Amino acid sequence: MNATLLSKSWRADFPGIADWHYLDTAATAQKPAQVIEAIARAYGEDYATVHRGVYARSANMTLAYEAARRKVARFLNAYSDSEIVYVRGATEAINLVAHSWGGANLKPGDRIMLSVLEHHSNIVPWQLIAERTGAEIDVAPLTEDGRIDLDAMQAMLTPRHKLVALAHVSNTLGSVLDVRRAADMAHAVGAKILIDGCQAVPRLAVDVQALDCDFYAFSAHKLYGPSGIGILWTRAEILDAMPPYQGGGSMIEKVTFEKTTYAPAPTRFEAGTPHIAGVVGLAAAIDYIEQISLGIIHAHECALVEQAREALQGLNSVRVFGPEDTAGILSFEVQGVHPHDVATILDEEGVAIRAGHHCAQPLMRHLGVEATARASFGVYNDENDIAALVRGIERVRKIFG
């Protein structure tokens with residue numbers, strides 16, 4: 001695939017980039033004009049609350065809000081749109097599962113399986129619920145090239161494990177999990193499995209039925225959509241049995257001072273006035289990427305990562321982390337130079353990367369570093385961005401040489 005032609009044909013859709021070499025899409029994606037315009041309309045001529053007003057504009061906004069839920073369900077190939085819960089982001093989604101499902105189902109002696117490469121958002125909520133319930137946490141190791149070691153995890157799993165929580169794509173290494181195999185392993189011992197899909201949904205076609213997972217979470221802002229909105233998908237029979245996570249308006253059926261009864265799922269988990277414009281923006285983002293197709297986006301990003309990896313591996317004193325076939329993400333270090341210094345100099349060259357522990361401190365300790373530099377790609381990137389990255393790193397080497 002010709003990466004230059006593909007990216008140039010879409011780059012113009014992103015008003016926030018211009019001549020900027022933006023290589024921090026794993027942190028948050030830039031927004032296409034179509035999404036920005038949809039949000040502006042939602043806050044402008046279309047704005048009204050949902051589910052409450054009987055006037056026409058409120059009714060129309062409610063229709064758009066629920067149409068977006070159906071769109072997300074189709075996007076994930078969910079069994080039903082009633083399995084789609086709107087949340088603030090993947091962090092809230094995982095906390096919801098931990099405190100609602102975990103609080104109701106975990107007990108002393110139960111075990112939770114995580115992996116070394118998890119984002120803090122897929123570690124800390126489980127630690128909090130483990131402390132509350134008496135459950136214990138196990139950690140699956142990684143293969144030598146930076147994948148979750150499913151062979152090792154299979155040997156660790158026992159009937160005491162009630163929940164497995166893993167990243168579909170590592171936010172630091174870009175390694176891709178064989179979700180179906182992990183789900184089969186979890187289900188074989190009677191455990192549920194949650195998948196953190198933040199880095200997967202912008203790059204890979206996700207089919208929750210084919211993956212056979214029980215929970216799937218992602219954030220819209222990494223999917224070229226707005227911040228402050230995300231999705232939790234849960235199998236209907238599991239979601240229906242989960243108690244409310246938060247209380248307030250909208251999530252109720254009937255309230256008295258003696259007793260409150262709750263609305264059915266997913267409404268039971270959506271207390272308060274929702275992020276209406278965020279939902280509209282998420283729907284527009286899905287429309288945008290489906291217009292291009294995730295297959296094209298994934299192939300494009302793989303081509304860029306391959307080029308970037310080859311270029312960086314050709315530089316002395318540069319160490320590249322992770323497997324060869326990563327999904328849109330490439331972490332590296334310039335030996336003897338702190339990643340923050342690397343990122344600062346690159347910024348002077350008009351190149352934006354991420355430097356730090358990437359909310360994955362256990363993984364950093366596993367790699368034997370305090371932090372890494374990370375370049376991550378989107379549909380708007382091209383070979384010019386890679387060339388600028390390499391020039392910037394060469395300048396880093398000269399300064400610190």
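User: What's going on with the backbone just after α3?
Analyst: N77 sits there, and N77 takes a positive phi of about 55°. Keep in mind that this is a predicted model.

User: OK. How far apart are the ends of helix α3?
Analyst: The end C-alpha atoms of α3, which covers residues 56-76, are 31 Å apart. With 21 residues at 1.5 Å a residue, the helix should span 30 Å, so the two values agree.

User: Which residues of α3 are buried?
Analyst: Quite a list: S58, M61, T62, Y65, E66, A68, R69, K71, V72, A73, F75 and L76.

User: Where is P266 found?
Analyst: P266 is in the loop between β10 (260-262) and α10 (276-292).

User: How many residues line the largest pocket, and which lie nearest its centre?
Analyst: There are 29 lining residues, and those nearest the centre are H119, S121, C198, Q199 and K222. By class, the lining divides into 9 nonpolar, 15 polar and 5 charged residues. Helix α4 (90-105) and strand β14 (354-356) each supply at least two residues of that lining.

User: What about the second largest pocket?
Analyst: That pocket has about 240 Å³ of space. Its lining is made of 18 residues, with Y86, V87, E92, A271 and P274 lying nearest the centre. Y86 is also one of the residues in contact with R69.

User: Which elements supply at least two residues each to the second largest pocket?
Analyst: β2 (84-87) and α4 each do. α4 also supplies at least two residues to the lining of the largest pocket.

User: How do the lining residues of the second largest pocket divide?
Analyst: Into 10 nonpolar, 5 polar and 3 charged.

User: And how many cavities of 30 Å³ or more are there?
Analyst: There is 1. The largest cavity has a volume of about 30 Å³. L117, R147, I148, S175, V176 and L177 line the largest cavity. That lining has 4 nonpolar, 1 polar and 1 charged residues.

User: On to helix α7. Which of its residues are buried?
Analyst: In α7 (residues 179-188), the buried ones are V179, A182, A183, M185 and A186. Looking down the axis of α7, these buried residues fall within an arc of 160°, so they line one face of the helix.

User: Why would residues a few places apart end up pointing the same way?
Analyst: An α-helix has 3.6 residues a turn, so residues three or four places apart point the same way.

User: What do the buried residues of α7 pack against?
Analyst: They pack against α6 (150-156), β5 (161-167), β6 (192-196) and α8 (208-211). After α7 comes G190, whose phi is positive, near 85°.

User: Last one. Where does A387 lie?
Analyst: A387 lies in helix α14, residues 383-400. A387 is partly exposed, with a relative accessible area of 32%.

User: How far apart are A387 and A311?
Analyst: In sequence they are 76 residues apart. In space, A387 and A311 are 8.7 Å apart, C-alpha to C-alpha.

How values were computed:
Residues numbered from 1 in each chain as written. Predicted model: local features only at pLDDT ≥ 70, side-chain atom pairs only at ≥ 80, totals over all residues. Heavy atoms only, no water. Helix = DSSP H or I, 4+ residues; strand = E, 2+ residues; numbered from the N terminus. Expected span 1.5 Å × (residues − 1). Buried < 20%, exposed > 50% of the residue type's maximum accessible area, 1.4 Å probe, protein only. 1 Å grid on protein atoms, 1.4 Å probe; cavity = no way out; pocket = protein on both sides within 12 Å on 5 of 7 lines; lining within 4 Å. Points joined across faces, edges and corners; volume = space filled by probe spheres on them. Nonpolar A, V, L, I, M, F, W, Y, C, P; charged D, E, K, R; others polar. Arc of directions from axis to C-beta. Contact = heavy atoms within 4.5 Å.
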